[in-house]
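Hi everyone, thanks for making time.

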Amino acid sequence: MSSDTNPAKAGHHASFRARVLAIVRRVPAGRVTTYGDVAVLAGAPRAARAVGTVMRKCRDPRVPCHRVIAAGGAIGGYGSFLHIKRDLLRAEGLEVGPTRVRRFNEVHWPAEAGARKSRRPGNPGSPARRLTLQRT
């Protein structure tokens, strides 16, 4: 049975997608995050490619997909419209070269992203845990 026909897997995918979109909506203008950061915050630290798939399929203008970039500041994908992603980021005041966001460490959201990767999943102070606690 494929995930398209398995209700349990379909629900899991919908839940992951909803978490990803909620996280990306929180990225402030003029800041960027990575596919990997979003995956960690969504509770699936090895799912950076899945985050990319959610971004690619998202057509909701309220979700700033252009603020999600590849690791280390590489612009990443945006379909065949990479120039649009670059222009959107520049319009928010970011310095963007042909393939990278300049001063990535200064505009990376959340600021504690580097520290987050070393935390254990059960750590009550971890951003993923705080995100869970904030839901009502």
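Asparagine 105 sits in helix 5, residues 104–107; helices here are DSSP runs of H or I with at least four residues, strands are runs of E with at least two, and both are numbered from the N terminus. This is a predicted model, where local features need pLDDT of at least 70 and side-chain atom pairs count only at pLDDT 80 or more, while totals for chains, interfaces and linings use all residues. Residues are numbered from 1 along each chain as its sequence is written, and side-chain values use heavy atoms, leaving out hydrogens and water.

So, is asparagine 105 buried or exposed? Exposed, at 71% relative accessible area; the cut-offs are under 20% for buried, over 50% for exposed and partly exposed in between, with a 1.4 Å probe and protein chains only. Asparagine 105 is 33 residues from glycine 72 in sequence, with 8.4 Å between their C-alphas.

Now threonine 34, in strand 1, residues 33–34. Threonine 34 is buried, at 6% relative accessibility. Beyond its neighbours within four places in sequence, threonine 34 has contacts (heavy atoms within 4.5 Å) with residues including Phe104 and His108.
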